[in-house]
Amino acid sequence: MITRRNVSAMLLGGLVAGKTGSALARTPNPAGPPPFSPREIVDSGHQFFGGISRGLGKLVEEATRRWGQPNGYILGQEASGAFFGGLRYGEGTVFTRRGDPGSRIYWQGPSIGFDVGGEGARQMMLIYNLASVPDMYRRFVELEGSAYFVAGLGMSAATADRMVVVPIRSGVGVRLGVALGYLKFTPTPTWNPF
């Protein structure tokens with residue numbers, strides 16, 4: 001079994017996760033909820049991903065090294081497919097320290113690039129500089145790369161203003177390529193990815 005390579009994290013090293021992106025995410029956001037520790041994120045991810053999550057700790061460690069501690073996260077699932085142009089649709093629950101039981105959130109988005117295949121994935125998205133859940137309802141630009149057959153675990157990053165969203169995907173399917181696109185988060189489901 002070939003596992004998903006962390007292509008997107010390497011590509012984003014120079015684009016999204018450079019010094020500017022790292023500095024933005026590490027800047028404290030006093031209006032937002034307090035951050036989650038890496039241990040809390042890994043524990044929640046192990047419960048959510050189950051046995052597929054062996055590499056989760058390393059991905060969370062890398063995300064924490066680059067962007068600091070997230071002050072929110074999403075647990076959910078998505079389906080996507082691409083033949084040079086692609087689409088993805090997902091849904092999940094947002095968790096913060098504000099004491100709310102979790103808000104439903106939906107995402108969709110197009111992509112374009114050298115990207116072929118399809119996948120179904122469970123996702124944990126780490127959120128940095130989140131002031132409130134309604135601030136998520138916008139487009140986040142994402143550069144993603146993937147190379148796996150059957151199953152894998154990978155990480156990418158998407159940005160909007162000062163916020164950074166880091167999707168950690170545990171996918172099943174066949175996927176190969178690199179694509180540029182965006183994730184559009186909405187409070188209700190929609191088929192319109194634009």
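Select D161 to begin: D161 sits in the loop between β4 (157-160) and β5. Helices (H or I, at least four residues) and strands (E, at least two) are DSSP runs, numbered from the N terminus. D161 is not a glycine, yet has a positive phi of about 55°. With 65% relative accessibility, D161 counts as exposed. The cut-offs for that word: buried is under 20% relative accessible area, exposed is over 50%, and partly exposed is in between (1.4 Å probe, protein chains only).

Before moving on, some ground rules. This is a predicted model, in which local features need pLDDT of at least 70, side-chain atom pairs count only at pLDDT 80 or more, and totals for chains, interfaces and linings use all residues. Residues are numbered from 1 along each chain as its sequence is written, and side-chain values use heavy atoms, with hydrogens and water left out.

**Stop 1: colour by confidence**

pLDDT is the predictor's confidence in each residue, from 0 to 100. The protein chain has an average pLDDT of 77, and 73% of the residues score at least 70. Now select residues 1-23. Here pLDDT stays under 50, and the model has 56 contacts beyond four places in sequence for this stretch. Contact means heavy atoms within 4.5 Å.

**Stop 2: another positive phi**

Most residues other than glycine have a negative phi. Go to F84, in strand β1. Its phi is near 70°, a positive value in a residue other than glycine. F84 counts as partly exposed, at 37% relative accessibility.

**Stop 3: the largest nonpolar core**

A nonpolar core is a set of buried Ala, Val, Leu, Ile, Met, Phe, Trp, Tyr and Cys residues joined through side-chain atoms within 4.5 Å. Select W67, L126, V166 and I168. These have the most contacts inside the largest nonpolar core, which has 19 residues. Two or more residues come from each of α3 (38-49), α4 (56-67), β1 (72-95), β2 (103-128), β3 (139-155) and β5. Which element gives the largest share of this core? Show α4: five residues of the core come from there, the largest share.

Centre on L126. Leaving aside neighbours within four places in sequence, L126 is in contact with I41, A63, P70, G72, Y73, V164, V165, V166 and I168. Another core, of 16 residues, lies apart from the largest one; select L130, F140, A158 and V165, which are among its members.

**Stop 4: salt bridges**

A salt bridge is a side-chain nitrogen of Lys or Arg within 4 Å of a carboxyl oxygen of Asp or Glu. By this rule the count is seven.

- Select R66 and E62. Their side chains form a salt bridge, 2.5 Å from N to O. Both residues lie in helix α4, four residues apart, about one turn of the helix. R66 is buried, at a relative accessible area of 13%.
- Select E91 and R104. Their side chains meet in a salt bridge of 2.6 Å, N to O. This pair links distant parts of the chain, with E91 in strand β1 and R104 in strand β2, 13 residues apart. E91 is partly exposed, at 33% relative accessible area. R104 is partly exposed too, at 39%.
- Select E142 and R169. The closest N and O atoms of this salt bridge are 3.4 Å apart. E142 lies in strand β3 and R169 in strand β5, so the pair ties together parts 27 residues apart in sequence. E142 is buried, with 5% relative accessible area. R169 counts as buried, at 1%.

E78, R88, E142 and R169 are linked in a network of salt bridges.

**Stop 5: K184**

Go to K184, in strand β5 (residues 163-186).

Show the backbone of N192. The K184 side chain reaches the backbone oxygen of N192 at 2.9 Å. Not counting residues up to four places away in sequence, K184 touches Y106, W107, Q108, R138, R139, T190, N192, P193 and F194.

**Last stop: Y128**

Select Y128, in strand β2. Y128 is buried, with a relative accessible area of 1%.

Technical notes: A polar contact is a pair of N or O atoms within 3.5 Å; within protein, one must be able to donate a hydrogen and the other to accept it, and residues adjacent in sequence count only if both atoms are side-chain atoms.
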